[in-house]
Amino acid sequence: MLSLRLWSVRHARGLRRAYDYFSRLAPLAAPVARAIGASGTEALLRPLERGAKGLLFDCRMCGQCVLSATGMACPMNCAKEMRNGPCGGVRANGHCEVKPEMRCVWVEAIEGTKRIAPDHLDHPTTLLPAIDQRKRGSSSWIHVIHGSPDPALQPPVGERITPEAQQGPLERACRSGRFVITVEVAPPDSADPQTLLAKAAPFKGLVDAINITDGAGGNCHMSSVAASAILAAHGFTPVYQVACRDRNRIAIQGDILGASALGVQNILCLTGDDVSQGDHPQAKPVFDLDAVSLLHIARGMCDRGEYASGRKLQTPPDLFIGATANPFVPPFGDRIANLEKKVAAGARFIQTQFCFDLAMLDDFMRRVRERQLHERAHIIVGVGTLSSAKALSWMANHVPGVHVPPALLARIAAAADQKAEAKQICIETIQALASIEGVAGVHVMGHKNEDVLAEIIAECGLRRQTRLHSV
């Protein structure tokens, strides 16, 4: 089955031509389909479609076939059911984060897309909608017969400019043109809000916003929405991270409304990490949405004042909405297409995975500038530090999506004080990033390392440390 699927990707151009020919001829069968009725047509076509597509594409019969837009690789084979591009956890060998033995479906899809159209990056970005669960297992050939061969595509989202008086501190900082600094804090394993506030205290007056992770690494902590609301109530500027892994679109939209009602003004849309690597590997992942469809829904709530269902909101949220990018893993240069999808879907700022390789980041930013994406969204590059070369090597080998050059590991390993050397490298990286055109700021990360992160921000010379307030 896998060999046939790969064959289909290699012959994507010919298969696309065959599909176009089929879609032109299929409407000739419409009178017969109307005569035997919808249920009769479904009963006739479903087993034929399942057999043909299952053989060639390992099709999962989602009922909303998008093969013509995904290089003849069925995206439903993705363990996270991502329909708009690869996640940030693709392994260095191009294999899946969740199923290491399997090549990433989206790496295959991009190869097929290139065969269909070598200039695919020059075409308008296709935003594929979230799965309509009611259609699973049904035939999509019926739609071809009735003259609508492709699924309904989501329209790109226009620029949203919040009136200055309503802008939150992070949005104002991004729009000011100065170098933005954000930091990441994991919520505590505690029901006491003071534990969270103590972790955030070193950054008071030092950063433009504090990201609150949402079950990072598949591990359970205080909910991101609650932690973000606590910070907002105590004068901090939180970025509420929303992962698609654990909740469906009903729960996510409710949480977004609740966060806005509690004073949270910024959200970051994520697909989410694999649960099997966390502390609850027996949990069931949801992945009802991917990051792109979540972005589109969140912007719909803000811009059109309606849920994904189309039902109107009484009072829409007004949020500064962001997404993530990872320039450091396969499919490397082609990830620009996924970034462009996120911007088209409504991301107004982008935060990247850890940058330990400035050359790779510089190449990525060149592509960003070529497509003028830095003019449509603020690019904030992830940086960070760990205490030793061993810890950094472990992260590179066990956390999908993290790339650390061997030369950097060797430099830290050779240092008499590895922690100090890792800190110095982070400072140097921040200073180098500040000179790259299109980089709007840095997002500083480091697990349970809040004091060191505050020192890095103060010592990098880009932000003068103010008096830290006790909370």
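Ala325 has Thr352 as its bridge partner in β6. β5 and strand β6, residues 349-354, pair in the parallel sense over four bridges. Pairing here takes at least two DSSP bridges between two strands. Strands are DSSP runs of E with at least two residues, helices are runs of H or I with at least four, and both are numbered from the N terminus.

A word on the ground rules. Residues are numbered from 1 along each chain as its sequence is written. Because the model is predicted, local features need pLDDT of at least 70, side-chain atom pairs count only at pLDDT 80 or more, totals for chains, interfaces and linings use all residues, and side-chain values use heavy atoms, with hydrogens and water left out.

Back to β5. Five of the six residues of this strand, residues 320-325, are buried, so β5 is largely enclosed by the rest of the structure. Buried means under 20% relative accessible area, exposed means over 50%, and partly exposed is in between, with a 1.4 Å probe and protein chains only.

On its other pairing, β5 runs parallel to strand β4, residues 266-270, over four bridges. Ile267 stands opposite Ile321 in β5. From β4 the chain crosses through helix α10, residues 291-303, to β5, and this β-α-β crossover is right-handed. Right-handed means a clockwise path from the first strand over the helix to the second, with the strands pointing away from the viewer. β5, helix α11 (residues 335-344) and β6 also make a right-handed β-α-β unit.

Now the whole sheet. Eight strands form a closed barrel, in the order β1-β2-β3-β4-β5-β6-β7-β8, with parallel pairing. Neighbouring strands are turned by 30 degrees against each other on average, direction ignored. Take β1, residues 180-185, and β2, residues 209-212: four bridges join this parallel pair. There, Thr182 stands opposite Ala209 in β2.

Next, charges. How many salt bridges are there by this rule? The count comes to 32. The rule asks for a side-chain nitrogen of Lys or Arg within 4 Å of a carboxyl oxygen of Asp or Glu.

First example: Asp334 with Lys114, closest N and O atoms 2.6 Å apart. Asp334 sits in the loop between β5 and α11, Lys114 in helix α4 (residues 105-116), 220 residues apart. Asp334 is buried at 13% relative accessible area. Lys114 is partly exposed at 35%.

Next example: Arg371 with Glu340, closest N and O atoms 2.7 Å apart. Arg371 is in the loop between α12 and β7, Glu340 in helix α11, 31 residues apart. Arg371 is partly exposed at 22%. Glu340 is buried at 12%.

Lys423 lies in helix α15 (residues 418-433) and Glu459 in helix α16 (residues 450-459), so the pair ties together parts 36 residues apart in sequence. Salt bridges that share partners also join Arg160, Arg299, Asp303 and Asp318 into one network.

One more stop, in helix α12, residues 358-370, where Arg366 is found. Arg366 is partly exposed, at 34% relative accessibility. From C-alpha to C-alpha, Arg366 and Gly438 are 8.8 Å apart in space, though 72 residues apart in sequence.

Note on methods
Axes fitted to C-alpha atoms, helices over the stretch in contact; angles between N-to-C directions.
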